[in-house]
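Please keep the structure in view while reading.

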Amino acid sequence: MIIKNEDKIQEINGIIPSYLNQFGISDEQNEKVFRKVYGCQLKKIRLMRGYTQTRVAKAVNVTFQQIQKYEKGANACPKWNELKLCELFECDADYFVKPLIENNYKFLKRERNGYDRYNEQIK
């Protein structure tokens, strides 16, 4: 079973770059990529720890279907549940968005004329 999980973990690691390539198109697309990467990281750590979706769901007090939706990126994970997941997996919240952070992706779009999207001058 561990070998099976290792294969799944490697598969997840291979999927993440394809999601990252879709970042920066639009805010809506960035949010979708964020959720997908978050979900991949959640599934990866769950498999690394050998937990089932049901076990994680019970610990976080949601249904296993909700964990499925988090892992697929269909639903965003609320901060409250994220904190529970961090406690369960003994990890920092940054773990879930590590691929985005490592690639230095930014969430605020900058305008070319020296002003950011909130019309404040960039210093």
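What does the accessible surface of the chain come to, and what percentage of it belongs to carbon and sulfur atoms? The accessible surface is about 8400 Å², and carbon and sulfur atoms account for 49% of it. The model is predicted.

**Overall make-up**

The chain has six helices and zero strands. The chain holds 123 residues, and 36% of them count as buried. Taking the contacts between residues at least 6 apart in sequence, 57% join residues at least 24 apart.

**Aromatic rings**

A pair of aromatic rings is described by the distance of the centres and the angle of the planes. In this chain the count comes to seven aromatic pairs. Two of them are set out below.

| Pair | Centre to centre | Angle between planes | Class |
|---|---|---|---|
| Y38 and F96 | 4.8 Å | 20° | stacked |
| Y95 and F96 | 5.5 Å | 80° | edge-to-face |

The Y38 and F96 pair counts as stacked because planes under 30 degrees apart fall in that class, and the angle here is 20°.

Is Y38 buried or exposed? Y38 has a relative accessible area of 5%, so Y38 is buried. For F96 the relative accessible area is 0%, so F96 is buried too.

Y95 is buried, as is F96. One aromatic cluster takes in F23, F34, Y38, Y95, F96, Y105 and F107.

A charged side chain also meets a ring. R55 lies over the face of Y51, at 3.9 Å from the ring centre.

**Helix 2 and helix 4**

How do the axes of helix 2 and helix 4 cross? The axes come within 6 Å and cross at roughly 120°, helix 4 being residues 64–72. That angle makes helix 2 oblique to helix 4. On the side of helix 2, the contact is made by R35, K36, G39, C40, L42, K43 and R46. On the side of helix 4, Y70, E71 and K72 make the contact.

Note on methods:
Residues are numbered from 1 along each chain as its sequence is written. This is a predicted model: local features need pLDDT of at least 70, side-chain atom pairs count only at pLDDT 80 or more; totals for chains, interfaces and linings use all residues. Side-chain values use heavy atoms; hydrogens and water are left out. Helices (H or I, at least four residues) and strands (E, at least two) are DSSP runs, numbered from the N terminus. Buried means under 20% relative accessible area, exposed over 50%, partly exposed in between (1.4 Å probe, protein chains only). Contact means heavy atoms within 4.5 Å. Accessible areas come from the Shrake-Rupley method with a 1.4 Å probe; for residues, only the protein chains shown count as cover. Rings of Phe, Tyr and Trp (its six-membered ring) pair if their centres lie within 6.5 Å; planes under 30 degrees apart count as stacked, over 60 as edge-to-face and the rest as tilted. A charge sits over a ring if NZ of Lys or CZ of Arg is within 6 Å of the ring centre and within 35 degrees of the ring normal. Axes are lines fitted to C-alpha atoms, for helices over the stretch in contact, and angles run from 0 to 180 degrees between N-to-C directions. Angles under 35 degrees count as roughly parallel, over 145 as roughly antiparallel, 65 to 115 as roughly perpendicular and the rest as oblique.
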